[in-house]
Amino acid sequence: MPELPEVETTRRGLAPHIEGRRIRSVTLRRPDLRWPIPPDITQALPGQRIDAVRRRAKYLLIDTAAGSALLHLGMSGSLRVLPAATPVTAHDHVDITLDGAEGRVLRFNDPRRFGCLLWQPVGEIHPLLQGLGPEPLSDAFDGDYLFALSRGRKAPVKTFLMDQAVVVGVGNIYAAESLFRAGISPLRAAGKVSRERYVALAGAVKEILACAITRGGTTLRDFLSPDGAPGYFEQELSAYGRGGEPCPRCGRPMKHASIGQRATVWCGHCQR
Ligand SMILES: [Zn+2]
């Protein structure tokens with residue numbers, strides 16, 4: 001499943017190829033993905049110039065003067081910029097045809113259709129983007145912020161960290177990795193973690209996400225290729241998916257349990 005680093009890699013991969021381009025037409029091969037695709041997408045977008053491609057949480061926003069197309073990759077979605085004559089394959093649900101001598105199309109493929117394509121009018125914030133916490137790589141997200149927000153909270157710190165109202169885009173994998181690096185047990189009540197340890201946790205979240213985005217940069221050329229899965233990449237993980245295996249730090253077996261219905265792995269010795 002594409003996580004925040006994959007979405008940011010997608011944004012960086014697409015931007016140089018679509019920013020500044022004018023949209024010639026929009027082709028929908030089905031009326032819905034996870035949700036119905038609103039008529040504004042086919043009515044308002046053609047003729048508009050793409051001013052920017054932005055990311056908020058795991059959503060991509062394609063900004064035009066008329067409004068923004070709001071896109072989520074869901075479980076299995078991917079975007080590519082292809083020659084317009086590239087044959088359509090299974091699960092190619094949406095084409096946004098661009099102007100320019102190259103005759104290119106921005107194509108959205110999503111086998112499982114948990115992705116979405118929605119519309120955000122100018123001056124409005126889509127309901128899906130309301131009530132979200134800060135971006136993890138922004139200055140607004142730091143140890144002091146986590147410490148202040150967590151006082152009195154009894155939920156496990158892992159659940160707290162994965163709450164999109166606390167901080168966006170820290171999914172199960174990155175929560176497990178960050179807590180391992182910071183030496184904090186995922187079971188500990190969020191309100192019982194010290195300021196110092198939250199400083200370490202915020203630093204770990206930023207380092208791990210930034211490292212994953214840098215690694216994803218090697219896949220950027222794939223955004224112009226009809227093969228492969230651009231923006232998806234292998235990562236070296238210390239905790240996630242390693243239940244029962246030796247801890248990379250102390251060698252003792254890693255514990256695993258379900259916290260908030262999410263599989264969780266941690267070291268009972270290194271994480272307190
Ligand atoms: Zn250990």
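Residues are numbered from 1 along each chain as its sequence is written. Because the model is predicted, local features need pLDDT of at least 70 and side-chain atom pairs count only at pLDDT 80 or more, while totals for chains, interfaces and linings use all residues.

The chain is divided into two domains, with bounds that come from an automatic or database domain assignment, and their centres, taken over C-alpha atoms, are separated by 29 Å.

| Domain | Residues |
|---|---|
| domain 1 | 4–123 |
| domain 2 | 143–266 |

Helices (H or I, at least four residues) and strands (E, at least two) are DSSP runs, numbered from the N terminus. Four strands form an open sheet in the order β2-β3-β4-β8 with antiparallel pairing, where two strands pair if DSSP finds at least two bridges between them. Its edge strands, β2 (52–56) and β8 (116–121), each pair on one side only. Strand β4 (residues 67–72) is joined to β8 by six bridges, and L70 has L118 of β8 as its bridge partner.

Helix α6 (residues 195–216) has 22 residues. Among its buried residues are Y198, L201, V205 and L209, a residue being buried if 20 or more other C-beta atoms lie within 10 Å of its own, exposed if 12 or fewer, and partly exposed in between, with C-beta atoms placed from the backbone. The buried residues of α6 fall within an arc of 135 degrees seen down the axis, so they line one face of the helix; the arc is that of the directions from the helix axis to the C-beta atoms. The face turned away from this buried side carries the exposed residues E196 and T214.

Definitions and conventions:
The expected span of a helix is 1.5 Å times one less than its number of residues.
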